[in-house]
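Subject: Structure handover

Hello,

Here is the structure I promised to pass on. Please open it and keep it beside this email while you read.

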Amino acid sequence: VRQQVRKASFAIEEVQLTLPVSPRAFVDFYSGIHHASNVGRMFRPEQAPLLPNYRHVPIGYNGRASTVFVSGTDIKRPRGQQKRGENVVFEPSRELDFELEMGFYIGRTSEGRGIEPDEFTEYAAGMVIVNDWSARDIQRWEYQPLGPFLAKSFATSVSPYIVSFDALEPFRIEGMPQDPEPLPYLQATQPWHYDIELEVSLKTDKMTKPQVICRSNTKHLYWSMAQQLAHQASNGTIIEPGDLYATGTISGPEEGQFGSMLEASWKGEKPLLMEETGETRTFLEDGDTVAMTAWAQGEGYTIGFGEVIGTVHPAG
Ligand code: CA
């Protein structure tokens, strides 16, 4: 067997990694509760950080599948409509950002039947790291009342191989307490959160090595992926093999654990210092490279997700 495995295995340096699956549908949830709270504090300071529906319904939207790219793909800064002072302009985004997320691919059709949270791994095949690139200035102007549109659809990057849920079985954990109790269709009898370490680094084109700017963990999701899928399937829509679901930005509760520049620089008010060069960053500039890694740490072994990396290029 070992010989057959060796024959079928290739060193990563010897191959070109490609998109694991070209999804026909891409859905982006918003289940990182610390991220959602931080965004609420920044954009709606006069209200409670979380909207009243947040702890009842897993918030999400249908994203754009055609611009899901494999790690390593260059990211062109998007142009878009924005409000600048009193003017409405169509210009390159000045607030380009990343979002640290995990994603799961579907392996089996639901044929329009509902899916219970405990049936999650009968439908979901495995996980990837997702960088859901975002243009905050475009987003701020367009997102009400229907939600994100062009601020998100220009690029989403995924890591090049899928880690199966079988491999992640030892890393299932209970999530944070959910209050109020979710409706019955969102209730699971088993733990469906995962203990996976996440890390983001940034390297400007002047730096020789990347600097870690965020450490987080998938345990900071409020809604589990199993609940996300149960919610998506609950209205009778058809879940198809190859569909990609992203969790939403996974920030931890503390500084240094924030999974976007928006939060890490607190809307640009607290620029990040790049220690090697003394440069500062609020949002991403041309030439910046963002790399995300993830791993599950077992006793004496590690399950790695590889990385999702992308360099920002000027607007076309
Ligand atoms: Ca997102």
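Below is what was found in it, starting with a word on how to read the values.

This is a predicted model, in which local features need pLDDT of at least 70 and side-chain atom pairs count only at pLDDT 80 or more, while totals for chains, interfaces and linings use all residues. Residues are numbered from 1 along each chain as its sequence is written, and side-chain values use heavy atoms, with hydrogens and water left out.

**Overall build**

The protein chain has 7 helices and 21 strands. Helices (H or I, at least four residues) and strands (E, at least two) are DSSP runs, numbered from the N terminus. The radius of gyration is 19 Å, close to the 20 Å from the globule rule for 316 residues, so the chain is as compact as a globular protein of that length. That radius is taken over C-alpha atoms, and the globule rule is 2.2 Å times the number of residues to the power 0.38. Along the principal axes, the C-alpha atoms fill a box of roughly 60 × 50 × 35 Å. Of the 316 residues, 49% are buried. Buried means under 20% relative accessible area, exposed over 50%, and partly exposed in between (1.4 Å probe, protein chains only).

Are Asp 28 and Asp 132 buried or exposed? Asp 28 is buried, at 3% relative accessible area. Asp 132 is buried too, at 0%.

**Strands and sheets**

Five strands form an open sheet with mixed pairing, in the order β4-β21-β20-β15-β16. Two strands pair if DSSP finds at least two bridges between them. The edge strands, β4 (75-76) and β16 (211-217), each pair on one side only. Inside that order, β15 (residues 197-203) and β20 (residues 289-297) pair in the antiparallel sense over 7 bridges. There, Leu 198 stands opposite Ala 294.

Now look at β5 (residues 79-84) and β6 (residues 87-92). They pair in the antiparallel sense over 6 bridges. Gly 80 stands opposite Glu 91 in β6. The two strands form a hairpin with 2 residues between them, and Gly 85 in the turn has a positive phi of about 65°.

The largest pocket holds about 660 Å³ of space. It is lined by 31 residues, and the closest to its centre are Tyr 30, Arg 44, Ile 59, Tyr 143 and Pro 148. By class, the lining has 16 nonpolar, 8 polar and 7 charged residues. Ala, Val, Leu, Ile, Met, Phe, Trp, Tyr, Cys and Pro count as nonpolar, Asp, Glu, Lys and Arg as charged, and the others, Gly among them, as polar. Helix α2 (33-43) gives the largest share of this lining, 4 residues.

On a 1 Å grid over the protein atoms alone, a cavity is a set of points where a 1.4 Å probe fits but cannot get out. A pocket is an open set with protein on both sides within 12 Å along at least five of seven lines, and lining residues have an atom within 4 Å of a point. Grid points are joined across faces, edges and corners, and a volume is the space filled by probe spheres set on the points.

**Backbone details**

Most residues other than glycine have a negative phi, and most peptide bonds are trans. Gln 144 and Pro 145 are joined by a cis peptide bond, with omega about 10°. The bond from Asp 179 to Pro 180 is also cis, with omega near 5°. Glu 111 has a positive phi, near 50°, and is exposed at 57%.

Best wishes
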